[in-house]
Amino acid sequence: MCGIVSYVGEEPKATRLLLQGLKSLEYRGYDSSGIALLNDTLSVYKNKGKILDLEKSLSTLSDEEREKLDQSICGIGHTRWATHGEPSDINAHPHMDSDGTIAVVHNGIIRNYIKLKKELIYKGYTFKSDTDTEVIANLFSYIRKDLIAKGEYEDFLAMRLLSSRLEGSYALAILLNESVNPNTTQPAKRILLAKHESPLVIGVGQSENFAASDSDTVLQFTDSIIRLADREFAVISKNTIDIQDFEGNMIKPVIEVLKKNDSLMDKKGYKHFLLKEINEQPTVLSKMLSLIEDSTYENFKLINFNINFAEIEKIYCIACGSAYHSAQALKYILGSWCSLPVDVIVASEFNFQHKLIGERDLLIGVSQSGETADTILALQKAKSAGARLLAITNRPASAINNLCGANTYITPADLEISVASTKAYTSQLMAHYLLALQIATARKAISREFFTDILHNLKTLPVLLDQMLNRANHYKAAAVNFAGYRDFIFLSRGINHTTAMEGALKLKELSYAHASAYPSGELKHGPIAILDENVPVISIAIPSIYPDEQIIYEKIIHNALEAKTRKSPSILLTTDSNQDHVEEFDLVMRIPDIDQLFSPILATIPLQFLAYFIAENLGKDVDQPRNLAKSVTVE
Ligand code: F6R
């Protein structure tokens, strides 16, 4: 989703740093990019397509224009993910006001932009693009001119007036050409920032300052950051950082010193970030197990949540996409270990259900980025309904961590650059097992023997996963057979319905093929109609030592065979030593022997590889699939 980067300093390196910053925001997903530089006048350069396309067009500029780029000490940059207006050169950010005296980059959505646009057109402003952002540029221009005419112009006042007219979410960076305001005493080279429900952090340097949509982008340039809170403005110049809230109170900046992040864009020799991240999964899982705060049966604690789990009557889990799939596993685990009801709800569908939440219920929000607008909104609603909140996120510097405070578990998966989630997803699965263990022990719902057995099984997962990475070529060979198909069905039941959904999503995201997942019992209630020799069916069937789960396994096999009788190419995903019915499938993919209850993490790996190799075979953009965004910061 849209990314912002800004730089103001004294060395002529704005262009280079803006482009570097934009490249580190590419992972968020985008369709166009641009920069604006403030010299004597404002100059905007922007393009549909990749940052590489922007760089190419910059390299064709005249010597005079190049000189401007090379001398700039102040600028803003943007990667755009289209919401209002198709991806195009014109709709790309930065946007300027009609007079060319203001340049704006924006992340978020202005809901009332049509009304404001009509008002501004009436006042004589003109518009070039279809975006909501251009309205901000013209509205700010109008407010500024008015204040200058009255001799009352001041940055924070102007921004307060601006935000009082904007409805929606926005992170903004604004550049001003001061030639229209010759009497100002403020530094000419400064950047105005605003944060309202979209992420924005400031980086503090020596005689230079930065701002960006995420802390990792800023941490490439400096180790000191200031997290802007919601409803705050800032004005940064090379030597000053002033912050004020939307009510007009000055805010004392709190500077955090973090570890500098030099290697953000390093693929470490892998062809794609996705492949690197698949390969990082054993390390992430080991780290999670080593960070358990107390692993005794009496007092098991993943972390010290400030929640009495023994009192909880019901759990609601809200999340989107892969995080939503992972939460389905928590439902099965808690249902099986302590008969605790868990409702898993897509965050954007939570709107009315918060009214059902009682005081003894717990709401768990799961989000890799911690910035997903739908998930944040659902958590806010649940909070105002009095529910207890718990969050699982991968990003410590995130809105969701801010909202849930000490009741936030941070998965140590580190930054996930590839847009399609892999290591963050499996770390969420592991978090669900560990959280379930904490809840089950707090409720004295499982025996010491079962507890020991669970921990033993979880501890084997990183080792088995590590071994599985050596099978990449085996999964590649399988993938190549299926690259030509356009429709896929994924089947499973019980806990691996989670895996089926995630496998189908990975395939859709990476290869753009259509893929649907069903609990296998649903097949004959409709989906079977589409089956023929052009629709492969991938069935995930993992045996179990527990009788209830073994019945699930047997039913999946029978449903898979029903699909085969409709001529569908059939793929079975099962364990190494399982020989049951395997000869009846066209292809068998295997994972190391593991019980069904603990299998979703391992069973996901072949499906990640399948999606990766099919996409690669088709020549797709693996790390940045079309239309997708990494942090979905709009509803
Ligand atoms: C899938 C994927 C998305 C995200 C979803 C939620 O590969 O990455 O489906 O899982 O957009 O994002 P977070 O977890 O950041 O809230």
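The model is predicted, so local features need pLDDT of at least 70 and side-chain atom pairs count only at pLDDT 80 or more, while totals for chains, interfaces and linings use all residues. Residues are numbered from 1 along each chain as its sequence is written, and side-chain values use heavy atoms, with hydrogens and water left out.

**Salt bridges**

Let us start with the charged pairs. Side chains of opposite charge can pair when their charged atoms come close. A salt bridge here is a side-chain nitrogen of Lys or Arg within 4 Å of a carboxyl oxygen of Asp or Glu. Searching the whole structure gives 30 salt bridges. Three of them are set out below.

| Pair | N to O distance |
|---|---|
| Asp 216 and Arg 395 | 2.1 Å |
| Glu 298 and Arg 448 | 2.4 Å |
| Lys 506 and Glu 509 | 3.4 Å |

Asp 216 and Arg 395 form a salt bridge that links distant parts of the chain, 179 residues apart: Asp 216 sits in helix α7 (residues 215-218), and Arg 395 in the loop between β19 (388-393) and α12 (399-404). Helices (H or I, at least four residues) and strands (E, at least two) are DSSP runs, numbered from the N terminus. Both Asp 216 and Arg 395 are buried. In this report, buried means under 20% relative accessible area, exposed over 50%, and partly exposed in between (1.4 Å probe, protein chains only).

The salt bridge between Glu 298 and Arg 448 also links distant parts of the chain, 150 residues apart, with Glu 298 in the loop between α9 (281-290) and β16 (314-319) and Arg 448 in helix α14 (residues 448-469). Glu 298 is exposed because its relative accessible area is 55%, whereas Arg 448, at 41%, counts as partly exposed.

Lys 506 and Glu 509 share helix α16 (residues 497-511), where they are three residues apart, about one turn of the helix. Lys 506 is buried at 1% relative accessible area, and Glu 509 is buried at 15%. Elsewhere, a network of salt bridges links Arg 144, Asp 155, Glu 178 and Arg 190.

Ser 427 belongs to helix α13 (residues 423-442) and is buried, with 0% relative accessibility. Leaving aside neighbours within four places in sequence, Ser 427 is in contact (heavy atoms within 4.5 Å) with Val 284, Leu 285, Met 288, Thr 411 and Ala 413.

Ala 472 lies in helix α15 (residues 472-482) and is buried at 16%. With neighbours within four places in sequence again left out, Ala 472 is in contact with Phe 609 and Phe 613.

**Backbone features**

Most residues other than glycine have a negative phi, and most peptide bonds are trans. Ser 207 has a positive phi of about 55°; this residue is in the loop between β9 (201-204) and β10 (209-212) and is partly exposed at 27%. Arg 231 has a positive phi near 60°, and its place is the loop between β11 (224-227) and β12 (232-236). A cis peptide bond, with omega about 0°, joins His 93 and Pro 94, and Pro 94 lies in the loop between β4 (74-80) and β5 (95-96).
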